[in-house]
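The following exercises are to be worked with the sequence and the coordinates at hand. Each task is followed by a solution in steps.

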Amino acid sequence: MGRILFANVRVLDGNGGAPFEGEVLVEGNRIKQVARDRARAERGNAELIDGQGQTLMPGLVEAHAHPSFANTASLEALGEIPPEEHTLLAMKHVRLLLDHGFTSLCCAAAAKPRLDVVIRNAIRAGDIPGPRMLAASPELTVTGGLGDVRLKHLHRDTFAIVCDGPEEFRRVAREMCREGVDILKINPSGDNFVPFALAQHTVMNEWEIAAVCEVARSRGKRVATHARSAESVKLSLRQGCEIIYHATLCDGEALDMLEAAKDRIFVAPTLGVTHATLYEAGPWGVSEEMATRFGLKHELEMAVANLKEMRRRGIRILPGGDYGFAWNPIGRNARDLEHFVRYLDMTPMQAIEAATRLGGQLMQQGEELGQVKAGYLADLLLVDGQPERDVTILQDKDRLTAILKDGQFHKRPVPARAAVRAAE
Ligand SMILES: [Zn+2]
């Protein structure tokens, strides 16, 4: 079994405590020993990595990943990619995410029914590089819901499967389970850029949500819900959805229900896409003025107030920003940690903990993933700098000097690099 010893590192363990100087021994795919302060870990025949004082921390977890989204400026452009090219694109994106320090992805919808599944399987088989991955279905939506891009007399497609009535939702949910997804994604609320289904509109009814949740429950799967309106949050919680995306327009009752369910649910607000659409989509024809008119500024303000209240109530909030659109492309995902600090008043350490320890829980591996701790899976980043002081460091992949997933180097440290930097 391979052994790797990280010596001379600052250990940031993902548990919220201050980093400490230490050594970390990896054996096979697990962390065997974490030695603090002056203590030394076993040497034996381990490959020695001199961390030169850099930070060793858990790999990041993306709570709302879309590896098959193509950074397009419109939903329908995504539907124009043939399956073969699309598979290769998703393969490129999972590698990119791993290059950026994301060693786990909780997927929030695939652009075609089997894309997440085949990519997840290929990663697991060791055929292609990529993070651990929970595969999602496409977004199950209603006629006239988010993702229904059809036009009369013209074929158009995107990331959604349109279903109407509980029977259709049940059938498609069963089909997706047959194809091997881990997560069923539903769109009970709209979104502010969809004129016929806005963020405050609840377009799926409770029987439809119940049908998907029933299928998930019967097969040990989870349901992730695109829930911006207060009503969509409530219906989703009542029917047992466990991954609540957005939750931006909550009212008091929705907050109470989230709090009551806080031990079994996770909220990922996806601040990244909202921020980028508001302030950075100008080159694609969406000015700040236009986005404000669409209601995005109001929604962001509501989201920030609601999320601060959720934090106060101890609800788990995770970074994951819907990266995969033209103005919010895949690869920038670690920016969501900065948004957590900036918008939600988290300390950098709290944002890191949300992306690591809580991320492990979201992956349903909280007892073995997301911390630098003996017995845990060896998903580790060696970081040139102190991300608990400046969380934006994590957005620069060149400052991730080593990336280890499941005990294997995805990126090996270049010994000279840290020395050169120190000399400078
Ligand atoms: Zn999304």
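The model is predicted, so local features need pLDDT of at least 70 and side-chain atom pairs count only at pLDDT 80 or more, whereas totals for chains, interfaces and linings use all residues. Residues are numbered from 1 along each chain as its sequence is written, and side-chain values use heavy atoms, with hydrogens and water left out.

**Exercise 1. Strand pairing around E5**

Task: Determine which strands pair with E5 and in which sense.

Solution. Step 1: strands (E, at least two residues) and helices (H or I, at least four residues) are DSSP runs numbered from the N terminus, and two strands pair if DSSP finds at least two bridges between them.
Step 1: strand E1 (residues 3–11) pairs with strand E5 (residues 55–58) in the parallel sense over two bridges; here Arg-10 stands opposite Thr-55.
Step 2: E5 is also joined to strand E15 (residues 380–383), by four bridges and in the antiparallel sense. Thr-55 faces Val-383 in E15.

**Exercise 2. An open sheet and its helix**

Task: Describe the sheet formed by E6, E7 and E8.

Solution. Step 1: the three strands form an open sheet in the order E6-E7-E8, with parallel pairing. E6 and strand E8 (132–134) are the edge strands, each pairing on one side only.
Step 1: neighbouring strands are turned by 15° against each other on average, direction ignored.
Step 2: strand E7 (residues 102–107) is joined to E8 by three bridges, and Cys-106 stands opposite Leu-134 in E8.
Step 3: helix H2 (residues 83–99) packs on the sheet and touches E7 and E8, its direction making about 130° with that of E7. Axes are lines fitted to C-alpha atoms, for helices over the stretch in contact, and angles run from 0 to 180 degrees between N-to-C directions.

**Exercise 3. The zinc ion**

Task: Which residues are the protein donors of the zinc ion?

Solution. Step 1: donors are N, O and S atoms within 2.8 Å of the metal (3.2 Å for Na, K and Ca); water is not among the atoms, so sites may look incomplete.
Step 1: His-64 (NE2), His-66 (NE2) and Asp-322 (OD) lie 2.0 to 2.1 Å from the zinc ion, with the sequence spacing H-x1-H-x255-D.
Step 2: His-64 is buried at a relative accessible area of 1%, and His-66 is buried at 3%. Buried means under 20% relative accessible area, exposed over 50%, and partly exposed in between (1.4 Å probe, protein chains only).

**Exercise 4. Positive phi**

Task: Where are Asn-71 and Ala-247 placed?

Solution. Step 1: Asn-71, with phi near 55°, lies in the loop between strand E6 (60–65) and helix H1 (75–78), and Asn-71 is partly exposed at 25% relative accessibility.
Step 1: Ala-247, with a positive phi of about 50°, belongs to strand E13 (residues 243–249) and is buried at 0%.

Definitions and conventions:
Contact = heavy atoms within 4.5 Å.
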